Amino acid sequence: MNPLNRLDLYKQMVRIRQYESRILQEYHADKKPAWDIGAGLIPGEMHLSAGQEPSAVGVCANLKQGDAITAPHRPHHFALAHGVDMNAMTAEIYGRDTGLCRGKGGHMHLFDPENHFSCSGIIAQGYPVACGQAMAFKRKGTDHVAVAVAGEGAANQGAFHESLNLASLWKLPVIFVIEDNDWAISVPRSHSTANASNADRASGYGMPGVRIENNDVEAVFEAAGVAIDRARAGGGPSLIEIHTLRLWGHFEGDAQAYRGADLDTLDARDPIPLYAATLAEIGDLSMDQVASIAADAAAEVDAAITFATSSPFPTADDALLHVFA
Amino acid sequence: MHDVGVVGIVANPSSARDIRRLVADGAFVTTNDKINMVKRVLTGLHSVGVDRAISMTDLGGISAALADLANGPTSRAWPRVDFVDRDLSQSAADTTAAVEAMVAAGVGAIVVLGGDGTNGVVASACGDVPIASISTGTNNAFPRSAEPTVVGIAAGLVATGLLDADEVAARSKTLTVLSGRHRHRALVDVAITTHDTVASGAVWDSSTVREVFLCFAEPDRIGLSSIGAHLRTVRRADPVGLYLRLGTPAVAAVRVPLGPGLMADVDVAEFAEIPLGSTLTVRTPSGVVAVDGERAFRFGPSDAVTVSLAADGPRAIDVERAMELASARGVLTRTVGRPQQHQISHQQ
């Protein structure tokens, strides 16, 4: 298990939050008319991960180069925490030729073969892909692992159950990460799921399943570390459900009328100020560091946006290139 | 005085989902298992004349399922089930408030489904009301193993007055930890570890443990208390606890089940009884304090940490003793016809 480095965890969470905050601004900046999701600097739907940083940062701090992640439609925090190049990722989100997929995928289709990172807008379809990656790792005799990430709503898809079954049967080095942010778009779990915790569902497939409460990056780091070490050592798959927090809408433009009083307490539950306070209390973080870490993150994100916006669009002549894998 | 025949039910929806499922072979006690156990408890309660149960509510699906069943079309031999109606925070505060409401409503006993942690929370609010505990955690010493139907019967016998609580529900010991603004109470153990993070909570590696304070130490239990149990058995009713300092030079080495399917060889440098009413100071300069096996808070060299042993815990119903008394006194036995010893005849 990697040693716990609190400052690194904090910096990565701040970096991701800064990224999502700037994309939020950019997304709405030039979207006229506001109801046309094709308009503006960033075309298409946008699903941002503010509040869910602890899950990505806690999990990815235990990964190494060559490990794989499949992420869902809300992928930025896992992409950044897993080392996907911020410039190429941002250019993809802006639909530019320098992007990860030459600008043809957009924010829900970030594919980075070098870092074994992919994501998909099709709910739960990263689960079987991760099983395939894990099977490849196992057959090659490496100690790499695959991490499949999706939300608690995705755990009601057939692909989830099929993947858990095969992963357990074949003892694949895969870690199923469920980000439970309480809302499957606008549906609470109590309206969709017969189990109170998806961690319990693991028992039906003969693998360990744990649930991490409180959106606590150190608790995620520890549990993921144990699960990943277990998978590397040939112990097979496991499931980690992380109770996290969606600070913003399901998509940008979501008025969230369905959330009610849940919205009133969001600021108090924001994991980044809470973690900063914890680190300050134990003397691991000063006010000067808070400012400099935020400034460094802002500079990196601004540079990535500049890189994206100064990059060319794909041309009409390229429309039929690279569209089949 | 309590109302005759009213019993509270506390079922922790979150127990048994912790990291011990990963680091050891911790049990899967799923929500559906817990619902099933509550049903068996209700059946047991009803069988001895309990006519009303008050259940806590939760957002984990237990109380919702219970409400469906209790109000559903299938008639069941259950007490009437009422619910503590309040806003939920999805934290231990829900349990505390529910228990306070049950005590105010005059329950004669409370059945608790959870681990050591859940029992500790109930203990903070139940006052003199006896509790009967069913283990649904991953690593428990306080609740003994028993079939929930039988726990329901035992709790019902106490609540209805068919058994005297003083005979079957002895007062538990507690350990109170004080350090600055931190105040915690344990029903089983307080451990001082070298962790520098509270993180996922559980303590599963004995090499991280420096000092252990125990309310009791029974050799048939798992967890930190089992370390002490193999040096000196301390029963729940004994007027002492146990202090252990781990490490070398060792005065003893013990092999114990520290968790479910998790054996550990532990060096003990020092052990001594703790008299009831005494307060000890933690000697380890810094680390994390764990309460009933869960890491609770960090402390440093400038933080004094004290641990006190007292007999101020909940009255815990001894289910085995309750059922033996019920049997000996024929509480659940109805003589039919003329009592006679049945003779086995051997025919050619």
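**View 1. Thr176(B) stands opposite Ser308(B) in β17(B).** This is a predicted model, in which local features need pLDDT of at least 70 and side-chain atom pairs count only at pLDDT 80 or more, while totals for chains, interfaces and linings use all residues. Residues are numbered from 1 along each chain as its sequence is written, and chains are lettered from A and ligands numbered from 1 in the order in which they are written. Strand β7 (residues 174-179) and strand β17 (residues 306-310) of chain B run antiparallel and are joined by five bridges. Strands (E, at least two residues) and helices (H or I, at least four residues) are DSSP runs, numbered from the N terminus. Two strands pair if DSSP finds at least two bridges between them.

**View 2. β7(B) and β8(B) form a hairpin.** Two residues lie between these strands, and Gly180(B) in the turn has a positive phi of about 55°. Five bridges join β7(B) to strand β8 (residues 182-186) of chain B, and the two run antiparallel. Ser179(B) has His182(B) in β8(B) as its bridge partner.

**View 3. Seven strands of chain B form an open sheet.** The order is β12-β13-β11-β10-β9-β15-β16, with antiparallel pairing. At the edges are β12 (252-259) and β16 (294-299) of chain B, each of which pairs on one side only. Neighbouring strands of this sheet are turned by 30° against each other on average, direction ignored; the axes are lines fitted to C-alpha atoms, for helices over the stretch in contact, and angles run from 0 to 180 degrees between N-to-C directions. Within the sheet, strand β9 (residues 189-193) and strand β10 (residues 209-214) of chain B run antiparallel and are joined by five bridges. Asp189(B) has Leu214(B) in β10(B) as its bridge partner.

**View 4. Helix α2 of chain B covers residues 31-47.** At 1.5 Å a residue, its 17 residues should span 24 Å, and the end C-alpha atoms are 25 Å apart, which agrees. The expected span is 1.5 Å times one less than the number of residues. Buried residues of α2(B) include Ile35(B), Val38(B), Val41(B) and Leu42(B). A residue is buried if 20 or more other C-beta atoms, placed from the backbone, lie within 10 Å of its own, exposed if 12 or fewer do, and partly exposed in between. After α2(B) comes Gly49(B), whose phi is positive, near 100°.

**View 5. Domain 1 and domain 2 of chain B are in contact.** The assignment, which is automatic or from a database, gives domain 1 (6-172 + 314-328) and domain 2 (174-310). Their C-alpha centres lie 27 Å apart. The contact takes 20 residues from domain 1 and 22 residues from domain 2; two residues are in contact if their C-beta atoms, placed from the backbone, lie within 7 Å. On the domain 1 side, α1 (20-23) and α5 (116-123) of chain B give two or more residues. Of the elements on that side, α5(B) gives the most, with five residues.

**View 6. Helix α5(B) is largely enclosed by the rest of the structure.** Eight of its eight residues are buried, among them Asp116(B), Asn119(B) and Val122(B). Their cover includes β1 (6-11), α4 (92-104), β4 (109-114), β5 (131-135), β8 and β16 of chain B.
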